[in-house]
Amino acid sequence: MRGLQLRGDPSVAADTISGVAVTGDIIGVALATAGLPRPEEVDPARFWNVPRPPSRVFVGRDRVLEAIAQTLAFETNGVAALTVTGLGGVGKTEVAVRYAYTYQHRYSGVWWISADSGANMTAGLAALAHRLAPATTSLSDEQGEAWALAWLRHHRNWLIVLDNVNDPTDVEGILDVGDGGHVLVTSRLDLGWTDSRPQASIRLKTLTTVDAVRLLTERTGQHDETAATEIATLLGELPLALEQASAYITYRGLTLAAYRDLLRDRSGEFRTQGKLGLDPERPVGRVWAVAFDSLSATHPVAVEILHVLAWLDPEDVPRDLITALTNGDQVAAEGALSQLASFGMVMLTSDTVSTHRLVQEVLRTSDSATKSELRPHQQAIRLLSDATPSAPDNVADWPRWRALLPHITALAEHLPDSTDTALGRLLHLAALFEASQGLYGQAAAHAAQALAITESALGRDHPSVAIRLGNLANRYSELGRLGEAVTLLERAVLIAEAALGPDQATVATYLGNLATGYSAVGRLGDAVTLFRRALAITEAALGPNHPSVATHLGNLATSYRTLGRSREAIPLFQRALAITEVALGPNHPSVATHLGNLATSYRTLGHSREAIPLFQRALAITEAALGPNHPSVATHLGNLATTQRDLGRAAEAVPLLERALAITEAALGPHHPDVATHLGNLATSYVNLGRAAEAVPLLERALAITEAALGPHHPSVAIHLGNLASSYVNLGRAAEAVPLLERALAITETALGPDHPDVATRLSNLAGSYLDLGRAAEAVPLLERALAITETALDPDHPEVATHLGNLATSYLNLGRAAEAVPLLERALAITETALGPDHPEVATRLSNLAGSYLNLGRAANAVPLLERALAITETTLGPDHPDVAIHLTNLATSYRAVRRRTEVIPLFERALGIAAAALGPAHPTSRRIRELSQRSDKRIARLSPEAEHRDG
């Protein structure tokens with residue numbers, strides 16, 4: 001049966017119109033979770049990360065604090081959990097901070113999580129795992145979260161604070177971990193908590209007038225209770241407004257009465273209505289109105305900075321952005337930030353600036369103007385546009401992208417109806433970066449908004465719209481939404497042809513992208529037509545030796561390879577390589593790409609030994625050009641490792657794959673889909689080494705990463721399900737494999753349609769498990785359908801057709817229908833010889849299968865020459881010490897025994913066993929199987945020897 005494949009050739013697509021990207025063939029690995037401490041075995045060493053100490057003045061909340069403590073202390077059914085709700089600025093976070101500090105003696109550890117999104121919740125729990133067990137840093141955030149939840153389940157006396165929760169479903173997981181600890185939640189909303197734990201809640205109201213007056217007098221050190229009462233009333237007794245008013249009074253040296261008069265004068269300012277009918281913004285707005293009067297007169301730059309900050313994420317704005325707002329004047333920037341911090345308007349660290357969310361809302365909804373020619377949101381767009389690197393694929397710039405991405409995201413959320421083309425371009429670039437990080441859903445959302453902005457601003461038929469369509473199409477493809485991607489790409493081609501004419505090189509790029517989309521949905525013939533047209537246009541427009549011609553040659557060659565026409569692909573790849581070396585120099589990264597493509601075609605044709613030096617050169621070029629830790633280095637390491645594995649050198653492949661994994665995790669993070677691919681590749685090497693049990697956790701992690709990153713219905717999930725099922729089969733757990741393979745088939749049919757070649761692969765794999773379980777009759781219709789799909793989708797003479805013919809023949813043999821199997825195997829052999837050449841390793845496989853059917857029919861004499869030829873092919877192409885040579889030696893020994901060439905049998909078995917033990921180890925299943933057959937054969941030959949026959953007589 002056909003082995004399960006980790007990954008076919010990657011798609012070829014462009015993110016921009018700068019050219020159709022040609023990729024290498026395989027990327028691959030991640031660290032195994034072996035060696036991680038079990039959560040229940042990690043001691044509850046004290047942990048603490050509460051972000052700040054409590055405020056010096058704490059009034060009006062003592063009873064609330066006691067109520068929290070009593071509720072958490074007396075709750076015994078499950079995790080003790082309580083929610084503190086209330087308006088923005090009412091002091092929820094301050095209550096949580098005060099509780100953590102006051103009652104920390106109750107707990108072995110306290111962990112604070114800013115839980116305003118599911119992603120932040122996951123990241124916060126993963127950070128707890130890292131604190132408890134540093135080895136968990138090798139896990140994805142999702143796996144770190146699972147580890148942390150398991151730790152909480154096995155331990156007691158902990159407190160988790162979840163600050164600013166917006167969605168009750170984000171916290172459900174932590175409430176199901178048992179009865180060992182406490183969870184304290186803060187949230188603006190009191191909605192949805194009755195149907196989802198936590199159910200105990202305390203709603204904070206604004207302070208009483210008495211407590212508000214006390215806060216003002218204690219914070220300012222003044223005792224004018226009459227003025228303090230009027231201030232408290234004007235500010236609605238809102239703690240945030242009172243705290244910031246106190247800071248302003250103290251900084252300016254004002255009396256309470258003087259500040260009251262300022263408030264009265266500005267009582268009409270900032271009259272805005274908050275969300276959900278609440279109005280916490282009004283008192284805060286009054287505070288800001290007074291503060292702005294002072295700042296506008298003395299530090300107008302500070303006012304402008306604050307207005308721009310309102311449009312960014314509230315947390316961790318890089319301070320160098322503020323310097324950019326002051327035209328590079330760092331002294332002015334630091335002075336402005338100092339003033340804002342003194343007034344309590346921002347919080348500073350050595351590197352970042354943070355602003356309260358409610359303050360941002362007030363500023364965004366106010367009509368206060370600044371002195372700049374641009375409105376604050378326009379300044380924010382320009383600020384981020386100038387700050388973001390122009391090449392999202394430059395690894396050196398990724399730390400900067402990561403720092404800025406939350407602010408780009410916040411800006412996009414605040415401006416959903418914008419038609420600013422600068423914002424469109426910013427979101428376009430952000431989507432490209434997000435895609436490189438595996439954030440495909442977020443990338444698609446930003447690409448869609450960029451497209452909407454560009455269409456609104458420039459019209460639906462503008463050439464820039466075609467660029468945005470291509471970007472969104474690529475994001476949809478990554479999400480498995482292939483049909484939608486094709487529709488967008490078709491529209492992009494029409495726009496480009498209408499705007500630029502049909503013979504422009506740019507149009508060729510769009511044609512190449514559309515061809516890639518067609519390939520993904522199984523329209524391979526249409527793809528070849530477009531690739532040929534793209535190549536012709538580019539040669540005519542740019543000349544036959546332009547680097548873009550090499551790109552299109554590579555794409556066309558890849559499509560030929562997909563169609564099983566690898567021998568036609570090789571001269572195209574060779575020409576692409578030659579063009580690129582002359583145009584860009586022999587050490588350019590693009591040369592490495594073309595070397596990899598050419599080497600892959602050699603592998604496809606069974607010339608793995610010729611591929612090795614090409615892959616080695618590609619790796620050396622990439623390391624020299626991009627550095628040893630670039631993700632492209634991981635790609636070439638994976639390619640080289642896979643080829644080593646082809647040659648029976650699985651042990652040599654493992655360290656290459658482990659290094660590729662380490663690079664990928666460091667560059668892209670442990671939860672990137674590429675890490676899942678590397679895990680699968682490493683697992684395959686383990687299986688080849690007879691270490692299937694070690695492969696399973698890698699494949700399980702690969703599946704979890706892919707489902708989390710791409711969703712449970714993505715075609716890549718089907719691939720990882722198939723790989724995991726294959727490992728189960730290797731361990732004799734075929735019954736467990738069947739539901740995985742059935743799910744993989746359902747996903748593939750839904751995502752790609754019932755007639756896609758990948759559906760044939762899934763059908764064949766499922767049928768293989770049925771055969772392992774003795775359900776051959778159920779396997780036959782699946783294999784017949786797989787064969788029909790492949791013949792229609794690819795070509796009756798495609799090598800894949802030969803694979804499915806062989807699989808169907810195997811099912812016939814299992815049903816005792818050997819005579820029906822023979823013509824199928826003979827056709828499979830003919831197809832393989834024609835497509836791949838008479839000396840390809842796959843030909844040896846076909847010869848052995850046909851010989852096996854002859855042996856089943858008692859035609860051993862017909863089987864022997866086939867097996868001898870299979871052995872000769874394998875020794876020539878893979879070397880005399882390859883594990884496959886051991887298999888062919890064993891098959892030949894069996895046939896010699898059948899034709900009574902007894903003296904030749906034992907030497908073949910001995911050589912086969914020596915090869916297998918050396919290459920795979922004596923405990924490998926293949927070695928054990930050869931040993932069993934050899935021992936059985938020894939006994940049988942002894943019984944049939946002349947001496948034995950004489951004694952029996």
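Here are some notes on this predicted model, point by point.

1. **Overall make-up.** The chain has 953 residues, and 55% of them are buried. Its secondary structure comes to 41 helices and nine strands. If you take the contacts between residues at least 6 apart in sequence, 68% of them join residues at least 24 apart.

2. **Salt bridges in general.** Side chains of opposite charge can pair when their charged atoms come close. In this structure there are 36 salt bridges. Some of the residues involved form a network: Glu230, Arg260, Asp261 and Arg264 are linked to one another by salt bridges.

3. **Glu875 and Arg911.** This is the pair to look at if you care about links across the sequence. Glu875 makes a salt bridge with Arg911, with 2.6 Å between the closest N and O atoms. The two residues are 36 apart and link distant parts of the chain, with Glu875 in helix H37 (residues 860–878) and Arg911 in helix H39 (residues 905–920). How accessible are the two partners? Glu875 has a relative accessibility of 25%, so it counts as partly exposed. Arg911 is also partly exposed, because its relative accessible area is 33%.

4. **Arg929 and Glu932.** The N-to-O distance between the two side chains is 3.8 Å, and both residues sit in helix H40 (residues 925–944). They are three residues apart, about one turn of the helix. Arg929 comes out at 41% relative accessibility, so it counts as partly exposed. Glu932 is partly exposed as well, at 40%.

5. **Arg481 and Glu484.** One more pair for the list: the side chains of Arg481 and Glu484 form a salt bridge at 2.9 Å, N to O.

6. **Helices H17 and H18.** Two packed helices are described by the angle between their axes and the distance between the axes. Helix H17 (residues 440–458) packs on helix H18 (residues 463–478) with the axes 9 Å apart and an angle of about 160°. H17 is therefore roughly antiparallel to H18. The crossing is left-handed. On the H17 side, the residues in contact include Ala443, Ala444, Ala447, Ala448, Ala450 and Leu451. Among those they meet on H18 are Val465, Leu469, Leu472 and Tyr476.

7. **Helices H5 and H7.** Which way do these two run relative to each other? The axes of helix H5 (residues 209–220) and helix H7 (residues 239–252) cross at roughly 30° and come within 9 Å. That angle is why H5 is roughly parallel to H7. H5 and H7 cross in a right-handed sense. H5 contributes Ala212, Leu215, Leu216, Arg219 and Thr220 to the contact. From H7 come Leu242, Glu243, Ser246, Ala247, Ile249 and Thr250.

8. **Thr832.** Have a look at this threonine in helix H35 (residues 818–836). Is Thr832 buried or exposed? Its relative accessible area is 1%, so Thr832 is buried. What does its side chain reach? The side chain of Thr832 comes to 2.8 Å from the backbone oxygen of Ala828. Leaving aside residues up to four places away in sequence, Thr832 touches Ala802, Gly837, Glu842, Val843 and Arg846.

9. **Two asparagines with positive phi.** Most residues other than glycine have a negative phi, and most peptide bonds are trans. Asn164 has a positive phi, near 65°, and lies in the loop between strand E4 (158–163) and strand E5 (181–187). Asn327 has a positive phi too, about 55°, and is found in the loop between helix H11 (319–325) and helix H12 (330–342). What about their surroundings? Asn164 counts as buried because its relative accessibility is 12%. Asn327, in contrast, has a relative accessible area of 76% and is therefore exposed.

Notes: Residues numbered from 1 in each chain as written. Predicted model: local features only at pLDDT ≥ 70, side-chain atom pairs only at ≥ 80, totals over all residues. Heavy atoms only, no water. Salt bridge = Lys/Arg side-chain N within 4 Å of Asp/Glu carboxyl O. Helix = DSSP H or I, 4+ residues; strand = E, 2+ residues; numbered from the N terminus. Buried < 20%, exposed > 50% of the residue type's maximum accessible area, 1.4 Å probe, protein only. Polar contact = N/O pair within 3.5 Å; in protein donor to acceptor, adjacent residues only side chain to side chain. Contact = heavy atoms within 4.5 Å. Axes fitted to C-alpha atoms, helices over the stretch in contact; angles between N-to-C directions. Parallel < 35°, antiparallel > 145°, perpendicular 65-115°, else oblique. Left-handed = near helix turned anticlockwise from the far one by under 90°.
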